[in-house]
Amino acid sequence: METIRVGLLGCGVVGGATLRILRDHADELAARAGAPIEVVRVAVRDPERRREVELDPGTTTRNAADVVEDGSIQIVVEAMGGLEPARDLILRSIRSGKHVVTANKELLATAGGEVLQAAGTSGVDVLFEAAVGGGIPIIRPLRESLAGDRVRKVMGIVNGTTNFILTRMAETGESFAGALAEAERLGYAEADPSADVEGFDAAAKLAILATLAFGSGVVATDIPTEGITRVTSEDIAAAHDLGYVVKLVAVAETAGQQVSVRVHPAMLPRTHPLAAVRDVFNAIFVEAENVGELMFLGRGAGGAPTASAVVSDIVEIARNIVSGGRSPASAGYSRRAAIVPQEETLVRYYVVLSVLDQPGVLAAVAGAFADHGVSISSVRQEGSDDQATLVLITHLASEGRHRATFDQLEGLDTVKEIASKMRVEGTTEA
Ligand SMILES: NC(=O)c1ccc[n+]([C@@H]2O[C@H](COP(=O)([O-])OP(=O)(O)OC[C@H]3O[C@@H](n4cnc5c(N)ncnc54)[C@H](OP(=O)(O)O)[C@@H]3O)[C@@H](O)[C@H]2O)c1
């Protein structure tokens with residue numbers, strides 16, 4: 001049996017755990033792959049840095065080109081992260097006939113089309129099970145297991161840091177800042193948490209999920225993205241009173257020939273399967289025409305879970321090398337999706353209005369909604385002295401109609417302020 005030769009670009013959290021699994025389970029993996037798998041070259045920035053796995057000085061280099069240009073390497077595992085030089089190194093690997101495994105969502109969400117097209121031209125595999133949901137198998141199910149069905153909607157909690165923060169806020173009444181500080185203390189948040197809390201990490205993952213689910217390319221910049229920095233513990237408590245939980249959701253759904261995509265905090269009914277996903281866990285809820293509803297749950301980050309997915313890709317490619325086959329192409333990257341403009345996206349809103357407690361207020365508020373064709377599903381009034389609060393939930397209507405309604409409400413003398421508003425997802429209507 002000929003040994004399958006692997007080169008590692010990066011040996012940090014993910015690369016290090018990948019190397020450890022390949023070493024510790026070598027015999028088992030060789031039996032599954034049909035050939036032994038050996039890491040013959042590892043590129044890192046600083047070979048002297050202390051790390052959890054021991055690097056063999058004979059195979060370690062600071063020069064990533066040593067991996068890419070080594071003609072004996074068959075599989076390059078990119079676990080460096082970032083756009084460049086990762087993109088360039090992956091493209092050079094592909095053009096020299098190497099298969100590639102990557103966990104790099106940022107790269108796939110911006111340059112996925114270019115990378116997958118190059119793979120097609122060179123006849124090599126590019127696999128990326130670890131790029132979304134860490135250790136959760138979701139790429140292969142979307143690409144292969146659901147090939148016989150039509151996916152209608154994908155809704156995920158795909159960022160563990162924000163899910164941890166929202167869980168702490170809900171369960172302890174902590175503020176956003178306090179919960180973020182705790183996430184940092186526990187090592188769940190990066191030194192610069194903006195990619196997580198502003199929703200950009202979730203948007204990159206959603207671009208990949210939507211591309212595979214609907215077979216047409218979505219890139220991160222297509223996705224209207226709103227993070228959780230403005231969510232307050234009062235919002236979460238109010239949602240709880242109404243039977244909802246607040247989650248950062250990444251949603252992609254078909255709308256005729258178009259695709260609707262969005263990332264934002266949303267209220268989900270407590271009975272929705274995603275509502276039960278706590279702490280750093282991730283989950284992806286998929287609705288398809290024939291199979292109905294599916295849910296994939298697990299650890300969306302961390303060295304070992306993510307490396308579990310990376311190693312599964314390495315084994316798949318090793319099997320292909322042994323059998324002379326190829327993995328199924330990742331359909332969708334060859335053409336761009338038609339995206340529903342944000343103003344036309346259909347949503348429901350929860351709105352809290354602080355209003356004057358006087359006759360005619362309710363009629364004026366209802367009129368503003370009616371003027372823009374937004375119908376109200378429920379309304380609750382809480383009053384005290386000359387001030388009252390109206391809590392409304394709307395039926396499905398476009399973002400544009402909702403926005404026009406909010407503008408009109410803000411101009412009413414009887415409305416003091418829109419104290420809070422949040423989209424509602426996961427009801428039978430949406
Ligand atoms: N961490 C997770 O839980 C997780 C989950 C899913 C996906 N991912 C993705 O996996 C990828 C890797 O993440 P990570 O957390 O493992 O990152 P990390 O711990 O920062 O590791 C990055 C590695 O790349 C090396 N590196 C960076 N630039 C290099 C260069 N120019 N030349 C050679 N080596 C270079 C670093 O070398 P040194 O060790 O010498 O610094 C380090 O070993 C990212 O795309 C990330 O988005 C991570």
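This is a predicted model: local features need pLDDT of at least 70, side-chain atom pairs count only at pLDDT 80 or more; totals for chains, interfaces and linings use all residues.
1. Let's start with the loop between β4 (75-78) and α4 (86-95), which is where proline 85 sits. The peptide bond joining glutamate 84 to proline 85 is cis, with omega at about 10°. Most peptide bonds are trans, which makes this spot worth a look on your screen.

2. Strand β4 itself is covered on both faces. Ile75 and Val77 are buried on one side, and Val76 and Glu78 are buried on the other.

3. β4 has strand partners to look at too. Strand β1 (residues 4-9) runs parallel to β4 and is joined to it by 4 bridges; valine 6 has isoleucine 75 as its bridge partner in β4. Strand β5 (residues 99-102) also pairs with β4 in the parallel sense, over 4 bridges, and here isoleucine 75 stands opposite histidine 99.

4. What is the handedness of the β-α-β unit made by β4, α4 and β5? The unit is right-handed. Proline 85, in the loop between β4 and α4, therefore belongs to the stretch that links the strand to the helix, by the run boundaries used here.

5. Finally, do visit aspartate 279, in the loop between β9 (258-269) and β10 (281-288). Its phi is positive, about 55°, although aspartate 279 is not a glycine. Most residues other than glycine have a negative phi.

Technical notes. Residues are numbered from 1 along each chain as its sequence is written. Helices (H or I, at least four residues) and strands (E, at least two) are DSSP runs, numbered from the N terminus. A residue is buried if 20 or more other C-beta atoms lie within 10 Å of its own, exposed if 12 or fewer, and partly exposed in between; C-beta atoms are placed from the backbone. Two strands pair if DSSP finds at least two bridges between them. A crossover is right-handed if, with the strands pointing away from the viewer, the path from the first strand over the helix to the second runs clockwise.
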